[in-house]
Amino acid sequence: MIEQIVPSTICFACDVCCRFPDDTSPLRPYFTEEEIRAAMAAGVAPDAFPDHHGSQVRLVPHDEGYRCPAFCPETGHCGIYTARPLDCRLYPIAVMWDVETQAVVMGWDSKCPFIRGTRESPESQMYVDRMAARLESPNIADIFIEHPQLVGAYQDDVIILKRLDTITLGLRPSEKPRRP
Ligand code: SF4
């Protein structure tokens with residue numbers, strides 16, 4: 001279970017998530033093999049996934065850009081909400097490489113309008129601490145280590161919060177643990 005910080009009423013009224021400017025957007029969600037099976041069982045077509053062992057979802061045209069095939073334009077909701085992948089459950093937390101591609105870090109995606117107004121609050125700071133501990137827990141860190149594609153490339157609009165040593169060491173054993 002991944003704790004959510006953004007109230008669903010705010011998510012449903014927002015037009016940022018699940019839509020992308022182009023069909024090769026690096027931000028389109030990555031699904032593990034297990035998550036692909038769950039998404040297909042929930043109704044997503046098999047051809048939405050180029051590799052059924054794990055892949056980023058294949059986007060479909062939407063307005064001027066593209067959307068996740070699981071996104072329902074009529075309702076503005078995720079059509080597979082209870083089966084959505086870890087990549088989506090974490091948002092607006094992003095897990096990515098730092099600018100030198102040496103360490104895995106977690107950060108706020110500043111594109112999320114909710115986070116822009118609340119990220120300095122004590123509640124948000126406590127959420128970050130809990131999420132860092134969750135991401136570094138063995139059962140979650142192992143998913144990232146088994147699926148390195150879940151760690152995104154550095155994005156300069158993500159506000160870096162913490163270095164994730166367990167995931168970093170799992171992917172780059174020669175790195176020395178340190179804190180930002
Ligand atoms: S799986 Fe659901 S939450 Fe994730 S991008 Fe697709 S529609 Fe959005």
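Two strands count as paired if DSSP finds at least two bridges between them. Strands (E, at least two residues) and helices (H or I, at least four residues) are DSSP runs, numbered from the N terminus. What you see is a predicted model, where local features need pLDDT of at least 70 and side-chain atom pairs count only at pLDDT 80 or more, while totals for chains, interfaces and linings use all residues. Residues are numbered from 1 along each chain as its sequence is written.

**Exercise 1.** Work out how E8, E9 and E10 are put together.

Step 1: start with E8 and E9, which pair over five bridges in the antiparallel sense. Here Met96 sits opposite Val105 in E9.

Step 2: go on to E10. Strand E9 (residues 104–109) is joined to E10 by five bridges, again antiparallel, and Val105 has Arg163 of E10 opposite.

Step 3: You get an open, antiparallel sheet of three strands in the order E8-E9-E10. E8 (93–97) and E10 (158–163) are the edges; each has a single partner strand, so one side of each has no neighbour in the sheet.

Step 4: look at the hairpin of E8 and E9. Six residues lie between the strands, and Thr101 takes a positive phi near 55 degrees.

**Exercise 2.** Find out whether E9 is buried or exposed.

Step 1: With C-beta atoms placed from the backbone, a residue is buried if 20 or more other C-beta atoms lie within 10 Å of its own, exposed if 12 or fewer, and partly exposed in between.

Step 2: count. Six of the six residues of E9 are buried, so this strand is largely enclosed by the rest of the structure.

**Exercise 3.** Describe how domain 1 and domain 2 meet.

Step 1: find the bounds, which come from an automatic or database domain assignment. Domain 1 covers 8–85 and domain 2 covers 92–171.

Step 2: check the spacing. The domain centres, taken over C-alpha atoms, are 21 Å apart.

Step 3: look at the contacts (C-beta atoms, placed from the backbone, within 7 Å). Seven residues of domain 1 touch ten residues of domain 2.

Step 4: sort the domain 1 side by class. Ala, Val, Leu, Ile, Met, Phe, Trp, Tyr, Cys and Pro are nonpolar, Asp, Glu, Lys and Arg charged, and the others, Gly among them, polar. That gives five nonpolar, two polar and no charged residues on the side of domain 1 that touches domain 2.

Terms used. Contact = placed C-beta atoms within 7 Å.
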